[in-house]
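Here is a short report on one protein model. Look over the sequence and the structure first, then read on.

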Amino acid sequence: MMRSLFLFAALIPLPASASEDITDQYPGSLLYSKPVEVIPHVWSAIGATAPPTYENSGHNNNLSFIVTGDGVVVINGGAAYLLAKALHDEIKVITEQPVKLVIDENGQGHAMLGNSYWAEQGVPILAHVDATHEIEENGHRILEGMKRFNRDKAEGTFVATPTQTFEDKEIIEMGDFRIEVLHLGPAHGPGDTQVWLPEQSLVIAGDMAFHERMLPIFADTMTADWIDTWECCFEALKATYVIPGHGHPTNMDQVRRYTRDYLVYLRQQIGAHLDAGGDLANAYYVDQSPYAHLDTFEELATKNAGRVFEQMEFE
């Protein structure tokens, strides 16, 4: 029944319904929610659509895994050692197959700090070369930030860099699955990685795609490049099912609406503001009301507008 519900949700666009007010959906685990089978043999523990907190244990992104028939591939190391262990505990309930590979979707803390657990298990860890550089350069700073909010839940976590890297594409044939690990181009951050299952028409999109919550624009997020990558390459996958970096599994129409279309809309608003001679101080308050229903809107909308202004001012 749960599988059918998720397949139905993937096929029919539904309004966003996640809430930041729900602090935990799985009290018996450090995971924010129990893993669900999105399509046969592809599972995801859906993270909170909220900033990382002690209450959600930093599990505010999607932690996915593929049970291939000849081992398990995990997508995202997780935000901490203990969170990765909690995911592994769930995997061991579902299958006796060993975890044979972990793929980091980028170099952010919630994607890679749990590498520390997987490294202790002797599992190879794969990431894009740019994400690996990000971990090497900023991993310890990111770890200290996680310790501040996660406190005792940060126990055991250390920075474990990936053991394998790729540049454009890595093909993995394992069990019944062909898994294409892709870097389609510049998007949300350095080394953004997508995991494409062509035979299942499912993409584990990483931070290329957001759903149910507002995406954050970082200082190194080039929004024009993100739109270009989306239009040239991500859309070309023609995926039937999308597990986004944040938010419930859905379809391409929904993630386009909350990712590519939001970026285009915000750039149009800032462009009009610039054409009218507007300055940075007022750019923070351009109209973003069509997206006000998204979780993290209050935390991110004005920051996003300011960063897009700073980019577009010199384009």
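## Terms and source

Axes are lines fitted to C-alpha atoms, for helices over the stretch in contact, and angles run from 0 to 180 degrees between N-to-C directions. Helices (H or I, at least four residues) and strands (E, at least two) are DSSP runs, numbered from the N terminus.

This is a predicted model: local features need pLDDT of at least 70, side-chain atom pairs count only at pLDDT 80 or more, and totals for chains, interfaces and linings use all residues. Residues are numbered from 1 along each chain as its sequence is written, and side-chain values use heavy atoms, with hydrogens and water left out.

## Helix 6 against helix 8

The axes of helix 6 and helix 8 come within 10 Å and cross at roughly 140°. The two helices are therefore oblique to each other. Angles under 35 degrees count as roughly parallel, over 145 as roughly antiparallel, 65 to 115 as roughly perpendicular and the rest as oblique. The crossing of helix 6 and helix 8 is left-handed, meaning that the near helix is turned anticlockwise from the far one by less than a right angle.

Which residues meet here, from helix 6 and from helix 8? Helix 6 brings T223, A224, W226, I227, W230 and E231, and helix 8 brings R260, L263, V264 and R267. The residues of this contact (heavy atoms within 4.5 Å) divide into six nonpolar, one polar and three charged. Ala, Val, Leu, Ile, Met, Phe, Trp, Tyr, Cys and Pro count as nonpolar, Asp, Glu, Lys and Arg as charged, and the others, Gly among them, as polar.

## Helix 8 itself

G277 follows the helix, with a positive phi near 80°.

Buried residues (under 20% relative accessible area, with exposed over 50% and partly exposed in between, 1.4 Å probe, protein chains only) in helix 8 include Y262, L266 and I270. The buried residues pack against helix 6, helix 7 (252-258), helix 9 (280-283) and helix 10 (297-312).

W43 lies in strand 2. Its relative accessible area is 17%, so W43 is buried. W43 and S64 are 21 residues apart in sequence and 5.5 Å apart in space, C-alpha to C-alpha.

S57 sits in the loop between strand 2 (42-45) and strand 3 (63-67). S57 counts as buried because its relative accessibility is 3%.
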